[in-house]
Amino acid sequence: MASRSCANFLDLASGDLLDIPQTPRALPRVMTVPGIISDVDGYESNDGDSDVSSSSSRERKIIVANMLPLHAKRDAETGKWCFNFDEDALLLHLKDGFSSETEVIYVGSLKADVDFSEQEEVAQKLLEDFNCVPTFLPNDLQKKFYLGFCKQQLWPLFHYMLPMCPDHGDRFDRFLWQAYVSANKIFADKVMEVINPDDDYVWVHDYHLMVLPTFLRKRFNRIKLGFFLHSPFPSSEIYRTLPVRDEILRGLLNCDLIGFHTFDYARHFLSCCSRMLGLDYKSKRGHIGLDYFGRTVYIKILPVGVHMGRLESVLNLPATAAKIKDIQKQFDGKKVILGIDDMDIFKGISLKLLAMEQLLQQHPALQGKVVLVQIVNPARGSGKDVQEARKETYLTAKRINEIYGSHSYQPVILIDRPVPRYEKSAYYAVAECCIVNAVRDGMNLVPYKYIVCRQGTPIMDEAIGRDKDSLRKSMLVVSEFIGCSPSLSGAIRVNPWDIDAVADALTLAVNMCDAEKRLRHEKHYRYVSTHDVAYWARSFAQDLERACRDHYSKRCWGIGLGLGFRVVSLSPSFRRLSIDHIVSAYKRTNRRAIFLDYDGTVVPETSIIKSPSPEVTSILKILCSDPKNTVFIVSGRGRSSLSDWLAPCEMLGIAAEHGYFIRWNKASEWETSHLGADLEWKKIVEPVMRLYTETTDGSSIEVKESALVWHHQDADPDFGSCQAKELLDHLENVLANEPAVVKRGQHIVEVKPQGVSKGLVAEKVLVRMVNGGKPPDFVMCVGDDRSDEDMFESILSTVSGPSLPAAPEIFACTVGRKPSKAKYYLDDAADVLKLLQGLSSASSSKPRQLRESQVSFESAV
């Protein structure tokens with residue numbers, strides 16, 4: 001059942017990546033209505049309005065991961081495939097967090113190679129018997145995807161290992177990246193075969209599938225999609241070295257909820273979004289959210305837990321009790337320190353052995369009384385680094401045993417073989433101390449399992465002859481670089497690279513009094529038992545539901561090619577401004593008010609030349625010469641530059657510095673707002689801003705007549721943002737009793753007179769028109785930034801007041817598709833120019849006379 005979509009995976013990194021012909025379905029679609037099978041699977045419709053019927057009232061969750069929670073083997077006699085659930089799989093355990101009515105479907109690969117001729121039969125069996133949908137990646141693709149890009153490039157990078165030279169990691173390989181994208185596309189195809197997009201929730205797991213959300217969001221704009229990263233997320237300094245960094249970030253941002261084990265991992269992700277994509281985050285009622293093209297992408301921070309029932313059931317086995325007795329007999333009179341780790345370079349096994357050696361050297365009295373039992377799980381990857389780690393581990397253990405051991409005592413015991421669960425549980429139950437010394441690890445549940453096994457169960461207590469009321473105690477030594485460390489506040493946290501500190505921690509752990517060990521154990525057990533895997537899954541599912549709550553309250557559409565695809569989500573009433581529509585309204589009205597922002601509206605934001613083009617000047621001249629029009633440029637720029645640039649437009653009104661200075665036409669004098677008559681506060685503000693400028697490289701101060709602006713767009717994003725927040729707090733404190741307001745904008749902190757805003761300009765112009773006997777019947781306002789939102793709001797509130805005999809036609813329009821108080825949008829300054837051209841063509845050719853007389857601006861209020 002191999003998907004034809006992967007036949008040529010080298011084509012998948014092109015710009016047409018997401019427009020691949022649909023995969024022929026080999027699995028039947030879920031029956032949505034009795035007797036009818038829904039068959040909507042193509043890429044024809046991407047407007048987010050799904051035509052797939054709701055399956056039923058039963059809730060469904062689709063869990064997508066690299067591997068299915070199944071064991072697979074071929075029967076030796078019949079030759080047929082046999083499957084059973086992997087009882088230790090996290091994906092299976094998380095079902096306990098969902099209601100009993102929830103149907104869970106798994107999508108992923110099998111841990112076995114199924115021949116192409118058998119794939120359809122196997123897929124049908126897995127769907128019917130296990131609710132599992134296998135992906136069946138071709139062998140070559142599987143190797144390049146998993147062993148190649150995932151294990152040789154993403155996994156080392158996420159664990160802070162850079163390929164500085166060929167001997168230390170593999171350099172970025174474009175073909176492996178293309179394989180990664182191809183594999184993610186196949187996973188997406190399989191999800192699409194079974195999903196009811198209006199009702200189902202999709203939960204994607206781990207770094208193997210970080211661009212999968214883009215494929216799903218492309219097909220179903222309103223899909224309910226969550227992602228949880230089980231590995232660390234590196235700091236931006238490490239992550240930014242990845243050539244496909246933006247594609248992966250955008251893939252994750254196509255989710256509704258992104259989960260991390262710790263705040264550190266989430267903080268690194270948010271920093272990458274800020275530094276590489278220019279996105280800022282906010283805390284919204286305790287939830288961290290990123291605004292991404294009108295959609296809020298929420299961040300979830302919660303470490304995964306263990307399955308209490310599974311651990312306790314293993315402890316209750318007779319084999320476990322028998323093994324506990326064997327271990328107690330073997331190490332009678334000795335204190336057991338336990339380590340259980342995979343064999344890889346990040347688990348710090350050799351560093352742990354060196355700390356044990358240091359302990360024995362510094363404390364001869366402990367020789368013969370302390371044993372380190374190190375269980376080595378099979379390596380998940382292969383390569384020279386694993387072989388080197390294994391070799392170093394064996395050599396170090398051999399040296400320690402030769403120096404400090406005897407015929408009856410081995411200080412280090414290596415168990416390098418597959419160890420059954422009951423045997424590990426027995427070692428957990430016996431060990432006086434457990435040490436996890438990884439130099440970098442996503443979560444690591446070994447400490448949690450140790451705590452549960454040290455607590456034991458009544459059945460286990462009876463089997464080993466232990467009093468059920470006996471003291472329960474445990475000690476943990478954990479690396480500060482693993483995900484579970486923050487949640488274990490009673491553990492001794494160590495820097496695994498500091499051998500002396502780790503040795504001291506082990507000494508403290510084995511010598512600590514029983515009363516303190518009991519208190520630490522009780523604290524840990526309370527946390528582990530209440531924050532189990534069911535709690536984790538339930539909490540994530542609840543937050544995902546909350547994150548998707550407003551999916552159908554907004555209009556959305558997709559933009560961008562390839563892996564740059566994203567969905568813009570905006571208010572239902574928010575739509576593109578039709579030039580024909582506004583020109584029609586313009587022609588039938590006689591008292592028009594037109595407000596235009598300058599930068600980013602009539603002049604492109606990216607333009608190096610900030611003066612208006614001759615075409616813009618000509619159009620503005622025509623518009624303001626029409627006697628039916630009152631036209632104003634409302635800008636944050638200074639009055640001198642605006643008056644020079646717009647000199648040919650004699651009848652044009654100008655509001656400079658957000659309305660602090662206003663001129664009704666070229667012949668009139670500049671009027672100053674009475675609100676900012678006292679500017680003495682500038683003497684307080686300037687030294688403070690200068691201080692922050694000196695300490696923030698890349699920042700600068702812009703001095704205006706009425707305001708001071710601190711810019712930090714050229715500073716380090718994180719440091720600049722941090723300094724801006726500090727400056728904001730500092731200025732608010734020193735200006736508490738001054739007639740000035742401090743505002744933080746995009747890469748700026750601005751201090752300006754209290755009450756001065758673009759909104760006030762719009763209000764006063766409209767009020768003056770009403771008082772002059774010419775109430776407006778047409779109001780148009782176009783702007784692109786936050787300050788223009790004041791104008792949109794002011795216009796809507798002013799025209800709804802009782803002073804106007806009839807409500808005018810209002811066209812509040814923002815530049816760019818983004819959340820706004822405006823009802824309309826235009827894409828860019830070029831669209832604004834086309835709009836103004838249309839209006840100028842419909843304007844009266846009769847010239848307007850420039851009057852010398854003027855009415856005081858203040859008298860209009």
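E657 is buried, at 5% relative accessible area; buried denotes under 20% relative accessible area, exposed over 50%, and partly exposed the range in between, with a 1.4 Å probe and protein chains only. The structure is a predicted model, in which local features need pLDDT of at least 70 and side-chain atom pairs count only at pLDDT 80 or more, while totals for chains, interfaces and linings use all residues. Residues are numbered from 1 along each chain as its sequence is written, and side-chain values use heavy atoms, with hydrogens and water left out.

E657 is located in the loop between β25 and β26 (661-663). Although E657 is not a glycine, its phi is positive, at about 50°. Most residues other than glycine have a negative phi.

A second case is Y160, which is likewise not a glycine and has a positive phi of about 70°. Y160 belongs to the loop between α3 (139-158) and α4 (174-194). With a relative accessible area of 25%, Y160 is partly exposed.

## Overall architecture

The protein contains 26 helices and 34 strands. These elements are DSSP runs numbered from the N terminus: helices are H or I runs of at least four residues, and strands are E runs of at least two. The C-alpha trace spans about 110 × 70 × 55 Å along its principal axes. Of the 861 residues in the protein, 56% are buried.

Strand β8 (residues 201-205) is mostly covered, as five of its five residues are buried. Y201, W203 and H205 point one way from the strand, whereas V202 and V204 point the other way.

Strand β8 pairs with strand β3 (residues 60-67) in the parallel sense over four bridges; pairing requires that DSSP find at least two bridges between two strands. In this pairing, K61 stands opposite Y201 of β8. Strand β8 also runs parallel to strand β9 (residues 224-228), to which five bridges join it. The bridge partner of H205 in β9 is F228.

## Helix α5

Which residues of α5 are buried? They are L212, P213, T214, F215, L216, R217, K218 and R219. Helix α5 (residues 212-219) is thus described as mostly covered, with eight of its eight residues buried.

Three bridges join β25 to strand β24 (residues 629-634), and the two strands run parallel. Within this pairing, F632 has G653 of β25 as its bridge partner.

N629 and S844 are 9.6 Å apart in space, C-alpha to C-alpha, and 215 residues apart in sequence. S844 lies in the segment after α26 (829-841). At 29% relative accessibility, S844 counts as partly exposed.

## A positive surface patch

K282, K284, R744 and R786 form a patch of positive charge on the surface. Patch residues have over 30% relative accessible area and no salt bridge, with like charges joined within 9 Å and nonpolar side chains (Val, Leu, Ile, Met, Phe, Trp, Tyr) within 5 Å. A salt bridge is a side-chain nitrogen of Lys or Arg within 4 Å of a carboxyl oxygen of Asp or Glu.

Of these residues, R786 is placed in helix α25 (residues 786-799). R786 counts as exposed because its relative accessibility is 53%.

Definitions and conventions
Accessible areas come from the Shrake-Rupley method with a 1.4 Å probe; for residues, only the protein chains shown count as cover. Lys and Arg count as positive and Asp and Glu as negative; His and the chain ends are not counted. The place of a charge is taken as NZ of Lys, CZ of Arg, CG of Asp or CD of Glu.
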